[in-house]
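This report describes how the chains of one model meet one another. It begins with a single residue and then turns to two interfaces.

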Protein chains: 4
Amino acid sequence: LIRVCVVGAAGRMGSESVRALSAGSEFQVVAAIDSSAAGRRLSEVAGVSSDVVVSPSLDSVEGCDVLLEFTHAESATEHAVFAAMRGVAPVIGASGLSSSQQREVADACKKGGVGGILVPNFAIGAVLMMRFAAEAAKWLPNAEVIEMHHDKKLDAPSGTGIRTAELISEARKSTRNPDPTKVVKFEGARGALVDDVPVHSVRLPGLVAHQTVMFGGEGEVLKLHHDSMNRLSFMEGVKLAVHRVRELDSYVVGLDALMF
Amino acid sequence: LIRVCVVGAAGRMGSESVRALSAGSEFQVVAAIDSSAAGRRLSEVAGVSSDVVVSPSLDSVEGCDVLLEFTHAESATEHAVFAAMRGVAPVIGASGLSSSQQREVADACKKGGVGGILVPNFAIGAVLMMRFAAEAAKWLPNAEVIEMHHDKKLDAPSGTGIRTAELISEARKSTRNPDPTKVVKFEGARGALVDDVPVHSVRLPGLVAHQTVMFGGEGEVLKLHHDSMNRLSFMEGVKLAVHRVRELDSYVVGLDALMF
Amino acid sequence: LIRVCVVGAAGRMGSESVRALSAGSEFQVVAAIDSSAAGRRLSEVAGVSSDVVVSPSLDSVEGCDVLLEFTHAESATEHAVFAAMRGVAPVIGASGLSSSQQREVADACKKGGVGGILVPNFAIGAVLMMRFAAEAAKWLPNAEVIEMHHDKKLDAPSGTGIRTAELISEARKSTRNPDPTKVVKFEGARGALVDDVPVHSVRLPGLVAHQTVMFGGEGEVLKLHHDSMNRLSFMEGVKLAVHRVRELDSYVVGLDALMF
Amino acid sequence: LIRVCVVGAAGRMGSESVRALSAGSEFQVVAAIDSSAAGRRLSEVAGVSSDVVVSPSLDSVEGCDVLLEFTHAESATEHAVFAAMRGVAPVIGASGLSSSQQREVADACKKGGVGGILVPNFAIGAVLMMRFAAEAAKWLPNAEVIEMHHDKKLDAPSGTGIRTAELISEARKSTRNPDPTKVVKFEGARGALVDDVPVHSVRLPGLVAHQTVMFGGEGEVLKLHHDSMNRLSFMEGVKLAVHRVRELDSYVVGLDALMF
């Protein structure tokens with residue numbers, strides 16, 4: 001039984017994680033922190049059977065094996081350091097940690113003698129897609145990325161689209177064939193160049209979060225495609241991280257560090 | 001039996017058409033014109049069983065029912081007018097005819113009392129895709145076009161991509177939802193705007209000629225997709241045009257004029 | 001302003017429809033019927049701002065323009081007849097009405113001098129996909145259907161998959177090319193034959209409700225694809241039906257009767 | 001410079017390989033064997049600039065580094081053994097070698113002190129797809145295979161489809177979720193079960209050789225897709241095998257043995 005403290009327990013990812021971790025017998029949510037829901041019962045906040053009362057702040061990690069963090073970069077760093085120094089392994093789902101913040105967490109893990117992990121994307125299928133894209137780029141260096149999201153998404157390209165292009169660019173030995181396009185009849189047709197990989201962003205109502213990575217070789221095409229339909233797609237990854245972070249002996253980045 | 005004169009008979013589309021028209025018993029290629037193959041036998045030029053000898057120029061259309069034209073805009077206009085004035089219906093596969101050239105052909109058809117047709121795209125599946133795109137746009141006005149071609153194609157977007165965007169724009173009553181994108185991290189990510197429809201062009205080795213049209217509505221997505229694998233995809237359309245042009249009583253544009 | 005009475009107002013489709021119809025200023029839900037929620041306020045049942053109290057049964061349609069029905073075949077028939085006889089146009093979303101039940105509704109519409117409609121599928125994109133499939137089959141008679149659903153769906157093929165195959169079969173003049181398969185190494189590989197159209201059913205967690213219809217011609221392939229992500233995909237169709245049923249002068253089947 | 005002897009040089013794969021190997025400066029085709037083209041010049045048989053004359057049988061491998069074999073199982077075994085015993089590494093593209101024939105080749109490679117390879121599929125993209133499918137199955141054990149081919153293909157499922165299903169089955173630890181289907185309205189809808197993995201075979205004109213592998217998890221779907229447009233898709237794999245077989249120190253099966 002792995003005893004987990006969830007920080008940001010009343011938020012979307014936090015409450016979904018509380019439910020996912022409470023569903024089986026492998027995990028137990030023994031503490032929950034959320035300033036916006038302090039004093040309320042976890043049963044009410046996340047709809048699970050539990051006596052835990054939500055605390056306003058992280059004052060102790062006693063009795064916890066793992067800290068699961070879903071607040072913002074600054075507080076996530078602080079909480080992760082606090083936990084790691086006391087021998088509790090941090091799993092950080094917050095985004096936007098700077099490299100110096102990450103170094104702080106890494107140092108604390110070292111001192112506390114525990115593993116730790118920062119997870120930019122908890123969807124196992126998306127992690128596989130990126131991993132395979134990097135592998136394929138070694139053999140089929142000509143690639144383009146098409147990422148497709150709902151019409152509420154404000155930024156383009158998506159973080160996953162940019163990261164995929166970077167991974168392709170790092171992995172391929174040769175540079176890509178030059179773009180054949182000589183006549184651009186309408187500006188922007190050939191997409192955005194991210195590390196020399198064209199990335200195209202589609203935005204339509206009805207879409208959720210999808211991505212296709214296309215590789216072309218002589219006489220053949222390889223496509224990797226991922227659909228993320230809802231937040232449930234992250235829960236297998238959350239459970240994997242909470243389960244395996246304790247087998248690590250240092251701080252790592254990305255779910256793939258636990259998978260391959 | 002429909003007797004056909006093929007102009008540009010030694011070219012790619014011309015020789016393929018000679019083969020397609022010679023395969024059944026519905027058509028007979030009774031004359032072939034091509035300055036680059038004058039004097040050679042059609043059997044040699046197109047690999048069919050035939051006694052026809054290729055002529056250097058179009059001097060007569062006697063004994064022909066239909067003229068099939070695969071040269072360039074100027075000569076195609078001249079040949080089509082010549083044929084139409086003599087009661088022979090022209091099918092024009094050449095591209096780039098100006099509106100005044102098209103008017104000349106239309107007038108000649110009227111005077112000659114025959115139908116005539118200009119066909120920008122002979123692939124029946126591509127014509128259906130464009131037709132359906134226009135129909136769908138009436139109901140699902142949010143649309144984007146992704147066209148994908150081999151890495152030898154010099155221009156972007158493709159002619160079919162542009163034409164599809166124009167058709168969508170004409171068909172939808174309401175204008176499209178505004179683009180949600182507020183932060184463009186890499187220029188060009190959202191594609192080219194053609195009549196307010198985003199068009200994305202992918203260029204990779206291994207691809208031939210493909211297009212996806214995506215429509216998004218609340219909770220649903222509709223996709224129309226066409227693959228053109230090789231020049232054979234045009235032959236059903238060539239046969240359809242040669243067969244039905246004689247049922248027309250005036251000059252029209254586009255294979256769909258014969259289909260719906 | 002169209003005044004609507006919703007029967008089955010506390011069910012999934014009913015409450016979603018109450019919300020959709022209450023969102024703009026075009027419709028007003030003036031009565032709600034549901035035996036399982038009798039006496040409760042609509043505001044509570046469907047989360048909308050409304051004073052309407054849910055009735056246990058349909059005793060009057062006074063003050064209504066349209067009756068929207070989401071119960072089962074027998075009661076839906078009874079309610080639709082009751083409404084139509086009193087000049088209120090019925091929109092039936094219930095499934096499984098027999099032909100004699102449908103005749104009863106049609107007769108009542110005639111006597112009451114109103115239109116009426118039975119809608120098996122409210123998703124506009126799905127209706128378009130089926131319409132286009134029938135149209136495409138006239139030109140490209142070789143077709144296969146791949147329908148993909150979540151792993152909770154008990155039956156295969158899906159109703160939409162079967163209906164699409166029937167429409168393709170009716171529309172194509174020539175019969176399909178014979179199946180080339182001579183050696184079946186594993187039974188079932190070539191799918192189910194529905195009116196001579198192969199239908200393949202995929203069942204996986206993560207999927208919602210999707211369908212691809214593939215047409216093959218010489219050198220080309222045309223694909224029609226629809227994704228239904230959630231119940232919201234039906235709401236445009238509900239609003240369309242409620243809006244336009246009053247322009248009909250008799251009973252019809254299928255949303256496409258209002259669209260083309 | 002790697003000196004290659006091509007057996008079956010006048011066949012489809014053989015002559016295509018001769019052209020591919022002759023295109024750069026890395027390889028030289030120094031001998032060609034083909035009983036059906038004995039005595040003809042390679043320049044004529046494969047359209048390359050070369051003085052080599054095609055021999056009727058394999059009598060010597062002197063001056064060769066690699067033997068590339070495209071005949072049938074029995075003669076391929078014989079030729080590979082002959083070459084390996086003389087220190088020439090065999091690359092076998094022939095299909096259908098029995099396990100005892102493969103053992104003979106492996107033994108000869110050992111005795112001759114050379115590597116050797118049997119390659120069932122030379123398309124690098126297809127090899128990647130299968131590799132990724134096996135990897136993904138460890139994490140997302142619910143999978144189905146859809147393979148799509150032209151309407152001249154006589155057998156179903158395809159060899160690649162069957163092999164992919166086997167790889168998925170071997171790789172996944174847990175068994176797949178049970179099939180939810182309780183009501184099969186038309187027999188065959190759920191495809192063929194190959195090692196408990198559903199495989200669906202689509203056959204249509206216009207298709208060439210394509211495959212989609214779909215994996216479903218909670219709230220997400222991962223798809224791997226490969227298109228093989230023509231025989232050129234095999235040439236990169238042929239060159240890779242000929243290039244790297246000499247770095248092997250024993251007999252192996254599958255291009256992936258050289259790739260990962």
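## Asp155 of chain B

In this predicted model, Asp155(B) lies in strand β7 of chain B, which covers residues 155-156. The side chain of Asp155(B) makes a polar contact with the side chain of Lys185(A) at 3.1 Å. Another polar contact, at 3.2 Å, links the side chain of Asp155(B) to that of Lys153(B).

Leaving aside residues up to four places away in sequence, Asp155(B) touches Thr181(A), Val183(A) and Lys185(A) in chain A, and Arg203(B) in its own chain.

## The interface of chain C and chain D

Chain C can be superposed on chain D by a rotation of 180° with 0.0 Å of shift along the axis, at an RMSD of 0.1 Å. This is therefore the relation of a two-fold axis. Within chain C, the C-alpha nearest the axis belongs to Gly188(C), at 2.2 Å. Both copies use the same surface, as 100% of the contact residues of chain C recur in chain D.

The size of an interface is often expressed as the accessible area lost when the parts come together. Between chain C and chain D the buried area is about 3500 Å², and carbon and sulfur atoms give 67% of it. The residues of chain C that lose the most area to chain D are Pro180(C), Phe186(C) and Leu204(C), which together make up 16% of what that side buries. The contact takes 46 residues from chain C and 46 residues from chain D.

## Polar links and strands between C and D

Across the interface of chain C and chain D there are 2 salt bridges. Asp155(C) forms a salt bridge with Lys185(D), with the closest N and O atoms 3.1 Å apart. Several elements give two or more residues to the side of chain C that touches chain D, among them α6 (159-171), β10 (197-203) and β11 (209-217) of chain C. By class, that side has 23 nonpolar, 12 polar and 11 charged residues.

Val184(C) stands opposite Ala156(D) in β7(D).

## The interface of chain C and chain B

Chain C also meets chain B, with 31 residues of chain C in contact with 31 residues of chain B. The area buried between these chains is about 2600 Å², to which carbon and sulfur atoms contribute 65%. Phe132(C), Trp139(C) and Glu220(C) supply 26% of the area that chain C buries against chain B, more than any other three residues.

The count of salt bridges between chain C and chain B is 2. The side chains of Lys223(C) and Asp227(B) meet in a salt bridge, at 4.0 Å from N to O. Residue pairs in polar contact, both at pLDDT 80 or more, number 12 between chain C and chain B. The elements giving two or more residues to this side of chain C are α5 (124-139), β12 (220-228), α7 (235-244) and α8 (256-259). The residues of this side comprise 18 nonpolar, 7 polar and 6 charged.

## Strand pairing between C and B

Strand β12 of chain B, residues 220-228, pairs with β12(C) in the antiparallel sense over 9 bridges. Within this pairing, Ser228(B) has Glu220(C) of β12(C) as its bridge partner. Glu220(C) is also one of the three residues that supply 26% of the area chain C buries against chain B.

Terms used:
Residues are numbered from 1 along each chain as its sequence is written. Chains are lettered from A and ligands numbered from 1 in the order in which they are written. This is a predicted model: local features need pLDDT of at least 70, side-chain atom pairs count only at pLDDT 80 or more; totals for chains, interfaces and linings use all residues. Side-chain values use heavy atoms; hydrogens and water are left out. Contact means heavy atoms within 4.5 Å. Buried area is the accessible area (1.4 Å probe) that two parts lose on being put together, summed over both. A polar contact is a pair of N or O atoms within 3.5 Å; within protein, one must be able to donate a hydrogen and the other to accept it, and residues adjacent in sequence count only if both atoms are side-chain atoms. Helices (H or I, at least four residues) and strands (E, at least two) are DSSP runs, numbered from the N terminus. Ala, Val, Leu, Ile, Met, Phe, Trp, Tyr, Cys and Pro count as nonpolar, Asp, Glu, Lys and Arg as charged, and the others, Gly among them, as polar. Two strands pair if DSSP finds at least two bridges between them. Copies are superposed by least squares on the C-alpha atoms of residues with pLDDT of at least 70 in both.
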